[in-house]
Amino acid sequence: MKKILVTGGLGYIGSHTVVELQHAGFKVIIIDNLSNSSLDVLGGITNITEQAPIFERLDLRNKADVVEFFKVHDDLDGIIHFAASKAVGESVENPLLYYENNLNTLVYLLQECKAHNINNIIFSSSCTVYGEPDSLPITETAPIKKAMSPYGNTKQISEEILNDVCFTSEMKSIALRYFNPIGAHESTEIGELPIGIPQNLVPFITQTAAGVRKQLSVFGNDYETPDGSCIRDYIHVVDLAKAHVIAMQRLLSEKNTSDFEVFNIGTGKGSSVFKVINTFEKVSGEKLNYKVVERRPGDVTTVYADTKKANDVLGWKAGKSLEEALTSAWKWEKKIRDKK
Ligand code: NAD
Ligand code: UD1
């Protein structure tokens with residue numbers, strides 16, 4: 001049984017990936033400091049897979065703890081590194097928190113990989129590395145422009161760090177550039193758990209429909225798009241999770257064609273904010289209270305992925321629709337409200 005360390009494995013994307021890894025027969029060890037997750041998630045994962053992953057509560061910013069962890073777990077076959085801070089606005093207000101949490105943690109992990117000859121790492125990158133695209137859909141060869149936030153900058157720098165380390169060592173890495181992950185596991189055992197007021201569209205929609213928020217603000221209807229609202233590529237989190245398993249299998253079976261590879265992970269389809277709202281209303285049967293307000297600073301107009309490389313080279317394709325993703329997000333929201 002291959003052993004995989006999943007950092008940030010109790011978080012939103014990490015927890016769904018742990019489930020898929022266990023379904024695929026991997027033994028999983030999770031590191032998480034619970035800064036943006038809860039221990040309940042461990043129970044949710046175990047309920048789905050009937051197998052408890054090993055869990056270490058550890059803050060990857062503490063180098064000494066990281067060193068100790070790898071002394072015990074020096075037989076890992078690979079690492080999937082999710083642990084990071086991810087709120088764009090917060091990163092503008094507190095850049096050092098982001099540089100410390102998103103970059104130091106990667107460096108410490110890579111140092112221990114080198115020390116213990118662990119040579120396979122999958123990294124959580126983001127379509128944010130592209131900024132405002134020159135042409136659509138965006139391919140992996142599109143230029144990386146100056147990041148619009150410290151958060152985005154940490155993703156660009158992380159990719160560079162990985163590229164440099166792969167060039168000079170035995171390390172092999174795949175960076176997955178996620179588009180907009182949404183939805184939840186169909187079991188409703190795990191899903192997104194935003195702390196405080198959600199910044200992202202879909203949790204704001206589901207919380208508004210559930211009565212937790214009064215009204216959704218639509219950030220602008222005067223963009224150059226067919227209905228005036230921004231367009232994004234919304235991908236079901238379970239499809240995204242599966243991409244990690246395939247990427248890890250690619251590294252373990254040495255099918256990679258270069259030591260550092262990047263793949264866009266999206267559906268290839270763009271949906272506007274109004275399309276998401278209308279689809280949500282259709283699948284939930286709820287009428288959503290929303291109002292158009294000013295544009296949100298920093299938003300790009302339209303972003304969606306060219307997924308040809310992931311489809312052809314990785315052999316991965318998103319299978320779930322926007323309807324399915326929004327249905328699962330709504331089911332999850334109702335479940336967590338019922339529990340409260
Ligand atoms: P999340 O916040 O739900 O999960 C991250 C997990 O890492 C949390 O459980 C948190 O407690 C943990 N963590 C954070 N810092 C840690 C530390 N120093 N030590 C140990 N654990 C720590 O976020 P997510 O949405 O699951 O995102 C996972 C990754 O994917 C992140 O790297 C994020 O930047 C990236 N990403 C997310 C999105 C998105 O829309 N959610 C889009 C693109 C990229
Ligand atoms: C944001 C981040 C991105 C990050 C991603 C995942 C920015 C500029 N980008 O992507 O770097 O990788 O989250 O965390 O913050 N919207 C509304 N009302 C809302 C919320 C959102 O109209 O209350 C609109 C936005 O203007 C956007 C779309 O919905 O057009 C999606 O927004 P969001 O879910 O925040 O994702 P991104 O901005 O695409």
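Me: Which residues lie nearest the centre of the second largest pocket?
Reply: This is a predicted model, so local features need pLDDT of at least 70 and side-chain atom pairs count only at pLDDT 80 or more, while totals for chains, interfaces and linings use all residues. Residues are numbered from 1 along each chain as its sequence is written, chains are lettered from A and ligands numbered from 1 in the order written, and side-chain values use heavy atoms, without hydrogens and water. A pocket is an open set of points on a 1 Å grid over the protein atoms alone where a 1.4 Å probe fits, with protein on both sides within 12 Å along at least five of seven lines, and lining residues have an atom within 4 Å of a point. Here 25 residues line the pocket, and nearest its centre are Gly191, Glu192, Leu193, Trp332 and Ile336.

Me: Which helix gives the most to that lining?
Reply: Helices (H or I, at least four residues) and strands (E, at least two) are DSSP runs, numbered from the N terminus. Helices H2 (40–49), H7 (201–209) and H11 (322–339) each give two or more residues to the lining of the second largest pocket. With seven residues, the one that gives the most is H11.

Me: Which strands are at the edges of the seven-stranded sheet?
Reply: Two strands pair if DSSP finds at least two bridges between them. The open sheet has parallel pairing and the order S3-S2-S1-S4-S5-S6-S11. Each edge strand pairs on one side only, and these are S3 (54–57) and S11 (260–265).

Me: How many bridges join S1 to S2?
Reply: S1 covers residues 3–7 and S2 residues 27–32, and the two run parallel. Thr7 stands opposite Ile31 in S2. The number of bridges joining these strands is five.

Me: What angle does H6 make with S5?
Reply: Axes are lines fitted to C-alpha atoms, for helices over the stretch in contact (heavy atoms within 4.5 Å). Angles run from 0 to 180 degrees between N-to-C directions. Helix H6 (residues 150–168) lies across S5, S6 (172–178) and S11. Its angle to S5 is about 155 degrees.

Me: Is Thr154 buried or exposed?
Reply: Thr154 lies in helix H6 and touches Tyr98, Tyr99, Asn102 and Leu103, not counting residues up to four places away in sequence. Buried means under 20% relative accessible area, exposed over 50% and partly exposed in between, using a 1.4 Å probe and protein chains only. Because its relative accessible area is 0%, Thr154 is buried.
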